[in-house]
Amino acid sequence: MTWEIDPAHSLVEFSVAHLMISVVKGRFTDLSGSMYLDPKRPENSWVKVAAKSDSIQTGVPQRDAHLRSADFFSVAKYPTITFASTNVELVDQNHSMLTGNLSLLGVTRSVPFRVEYRGLNRDPLTSAWRVGMCATTTIDRRDFGMTFDQQNGGVFLVGYRIHLEINAEAVLT
């Protein structure tokens, strides 16, 4: 079954250390994608997700502008962040490991996500079938060429490890 990600009910979020004592969270608000789910043979399932890099929001306009610059996401040169799965391994009935190619700043790396299946329901307003999932991973931003590392008294302003969480709700097509 093929499903289209519903951007109104889906979210790509990240968190990163600030000054190595706190956490800054943000999100990409413009995303799209699709997935194919094979309940009888989960290894045949796949997912493709794209987020517009200029849709980044942290709640602080000055920080968001800096994140859109060449120091971080270079949104003028790299307008889209993509993920395309290459392998699905079922862990148990509600969990799997999803490996795929994450492309960021023109660099593509294989990245594993831990996926939790959140269920299937019929939307009472539209009668459409919907499925929910949450995928998480941690990456090192330097692996993608994001090397901004301004220091303040020997303490890094922004950490290198980025936690990613994708909460996706998709509609059966």
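This note walks through the core, the charged pairs, the rings and a few loop residues of a predicted model.

1. **The core.** The largest nonpolar core has 41 residues. Within this core, Phe-28, Met-35, Phe-73, Leu-102 and Phe-113 touch the most other members. Strand S13, residues 158–172, gives the largest share of the core, with six residues.

2. **Leu-102 and its contacts.** What does Leu-102 touch, once neighbours within four places in sequence are left aside? The list includes Ile-81, Thr-82 and Phe-83. Val-107, Thr-108, Arg-109 and Val-111 are also in contact with Leu-102. Ile-139, Phe-144 and Leu-164 complete the set. Of these partners, Phe-83 lies in strand S7, residues 80–92.

3. **Salt bridges, and the pair at Arg-27.** The whole structure holds seven salt bridges. One of them joins Arg-27 to Glu-13, with the closest N and O atoms 3.2 Å apart. Arg-27 sits in strand S3 (residues 22–28) and Glu-13 in strand S2 (residues 11–18), so the bridge ties together parts 14 residues apart in sequence. Buried or partly exposed? Arg-27 has 34% relative accessibility and counts as partly exposed. Glu-13 is also partly exposed, with a relative accessible area of 24%.

4. **Arg-130 and its two partners.** Arg-130 forms a salt bridge with Asp-123, the closest N and O atoms being 3.0 Å apart. Both of these residues are buried. Arg-130 also bridges to Glu-169, at 2.8 Å from N to O. Here strand S10 (residues 129–140) carries Arg-130 and strand S13 carries Glu-169, so this pair ties together parts 39 residues apart in sequence. The relative accessible area of Arg-130 is 14%; because buried means under 20%, the residue falls in that class. Glu-169, at 23% relative accessibility, counts as partly exposed. Through shared partners, salt bridges join Asp-6, Asp-123, Arg-130 and Glu-169 into one network.

5. Which residues make the nonpolar surface patch of about 420 Å²? They are Met-1, Tyr-117, Leu-120, Trp-129 and Leu-172. Leu-120 belongs to strand S9, residues 107–122. Leu-120 is partly exposed, with a relative accessible area of 40%.

6. **Aromatic pairs: Phe-14 with Phe-28.** The count of aromatic pairs is five. In one of them, the ring centres of Phe-14 and Phe-28 are 5.8 Å apart and the planes meet at 45 degrees, so the pair is tilted. Phe-14 and Phe-28 are both buried. Ring pairs extend the group to a cluster of Phe-14, Phe-28 and Phe-73. Phe-28 and Phe-73 are also among the core residues that touch the most other members.

7. **Aromatic pairs: Phe-83 with Phe-113.** This pair is edge-to-face, with 4.9 Å centre to centre and 75 degrees between the planes. Phe-83 is buried, with a relative accessible area of 6%. Phe-113 is buried too, at 2% relative accessibility.

8. Thr-29 lies in the loop between S3 and strand S4 (31–36). Thr-29 is partly exposed, with a relative accessible area of 34%. Beyond residues up to four places away in sequence, Thr-29 touches Ser-55 and Gln-57.

9. **Two positive phi values.** Most residues other than glycine have a negative phi. Leu-19 has a positive phi, near 55 degrees. Leu-19 is in the loop between S2 and S3, and at 25% relative accessibility Leu-19 counts as partly exposed. Ser-127 has a positive phi of about 65 degrees, although Ser-127 is not a glycine. Ser-127 lies in the loop between S9 and S10. At 46% relative accessibility, Ser-127 counts as partly exposed.

Notes:
Residues are numbered from 1 along each chain as its sequence is written. This is a predicted model: local features need pLDDT of at least 70, side-chain atom pairs count only at pLDDT 80 or more; totals for chains, interfaces and linings use all residues. Side-chain values use heavy atoms; hydrogens and water are left out. A nonpolar core is a set of buried Ala, Val, Leu, Ile, Met, Phe, Trp, Tyr and Cys residues joined through side-chain atoms within 4.5 Å. Buried means under 20% relative accessible area, exposed over 50%, partly exposed in between (1.4 Å probe, protein chains only). Helices (H or I, at least four residues) and strands (E, at least two) are DSSP runs, numbered from the N terminus. Contact means heavy atoms within 4.5 Å. A salt bridge is a side-chain nitrogen of Lys or Arg within 4 Å of a carboxyl oxygen of Asp or Glu. Patches are made of residues with over 30% relative accessible area and no salt bridge: like charges are joined within 9 Å, nonpolar side chains (Val, Leu, Ile, Met, Phe, Trp, Tyr) within 5 Å. Accessible areas come from the Shrake-Rupley method with a 1.4 Å probe; for residues, only the protein chains shown count as cover. Rings of Phe, Tyr and Trp (its six-membered ring) pair if their centres lie within 6.5 Å; planes under 30 degrees apart count as stacked, over 60 as edge-to-face and the rest as tilted.
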